[in-house]
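Trainee: I would like to learn how to read a model like this. Please take one feature at a time.

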Amino acid sequence: MGEEAKMRTRCLLDLPWEDVLVPHILCHLPLQHLVSLQRIGPSVPKEAFCSMLKDNKVLHSLSLQSCSDWVTDKELLPVIGQNQHLQRVDMSGCVWLTRHSLVAVSLSCMHLQHLGLAHCEWVDSLSLRSLADHCGGLQSIDLTACRQLKDDAICYLAKKCLKLRSLSLAVNANVTDESVEEVAKNCRGLEQLDLTGCLRVRNQSIRTLAEYCPKLQGLKVNHCHNVTESSLDPLRKRNVVIDVEPPLQRALVLLQDVLGFAPFINLQI
């Protein structure tokens, strides 16, 4: 490849971070654009990232997924403290954070509406209760694989955050019917619920969900072995999208796999 061709293939990120990008280019971009550029996240040096965030106080949305493998409370707490208008925060997969970051979010971000905490195993009952006490306007929260959480914390959240429209409790063996029923009875505007892999959830709470949540649009119950069609059928009749097929449909798919073609079955009585 000639020198001219090499020049054409170079991009902005090839420039020196400390000497050029941060002091002369990135500092002039709106912070919302900087934190949403997922392509730059993995290659941003920690010092450069902190420099970009240091004095900004107008952030409304913050996603940390692109720096989840290194960001700690030390880098995040100052950012949270000076951006009290944050409405959306995604800390999913940030393994080096602690409960102190979630408490900081709850105390500083009174206008928070959307929160991602998937695979944050440091989330505990106390920090979730703090969130519930201070962020009552929360509309969606992803608690996938937050394995420290038990029914008491989730029920407390449901009683405080009545505007919840989307909730994921997936991959949590501690979640039982108690949590689902409390969510159903308090969050009447719920539209999306993910219970994937919640092995202790049973038909009883799914029936309660059908009774109290008329706006429900989607329900995930894959690998919920104690949830059967008897509780799901009323939701299907309301056109709720469910991630498991009805038993007859599953049987037809299996038969098609075995036979190599779809059999014709007359379902008319």
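Mentor: Start with Glu121, which is partly exposed at a relative accessible area of 42%. Buried means under 20% relative accessible area, exposed over 50%, and partly exposed in between (1.4 Å probe, protein chains only). The model is predicted, so local features need pLDDT of at least 70 and side-chain atom pairs pLDDT 80 or more, while totals for chains, interfaces and linings use all residues. Residues are numbered from 1 along each chain as its sequence is written, and side-chain values use heavy atoms, without hydrogens and water.

Trainee: With which residue does Glu121 form a salt bridge?

Mentor: Side chains of opposite charge can pair when their charged atoms come close. The rule for a salt bridge is a side-chain nitrogen of Lys or Arg within 4 Å of a carboxyl oxygen of Asp or Glu. Here the partner of Glu121 is Arg147, with the closest N and O atoms 2.6 Å apart. Glu121 is in the loop between E3 and H7, and Arg147 is in the loop between strand E4 (140-142) and helix H8 (151-160), 26 residues apart. Such labels are DSSP runs numbered from the N terminus: helices (H or I, at least four residues) and strands (E, at least two). Arg147 is partly exposed, at 41%.

Trainee: How many salt bridges does the rule count?

Mentor: The count is five. Among them, Arg99 and Asp124 meet at 3.1 Å, N to O. Arg99 lies in helix H6 (residues 99-108) and Asp124 in the loop between strand E3 (114-116) and helix H7 (125-134), so this pair ties together parts 25 residues apart in sequence. Asp124 is buried at 15% relative accessibility, whereas Arg99 is partly exposed at 24%. Another salt bridge joins Lys160 and Asp133, with the closest N and O atoms 3.7 Å apart. That pair links helix H8, which holds Lys160, to helix H7, which holds Asp133, across 27 residues.

Trainee: At what angle do the axes of H5 and H6 cross?

Mentor: Two packed helices are described by the angle between their axes and the distance between the axes. The axes are lines fitted to C-alpha atoms over the stretch in contact, with angles from 0 to 180 degrees between N-to-C directions. Helix H5 (residues 73-81) and H6 cross at roughly 5°, their axes coming within 9 Å. The two helices are therefore roughly parallel (under 35 degrees; over 145 is roughly antiparallel, 65 to 115 roughly perpendicular, the rest oblique). Contacts (heavy atoms within 4.5 Å) involve residues including Leu76 and Leu77 in H5 and Ala104 and Val105 in H6.
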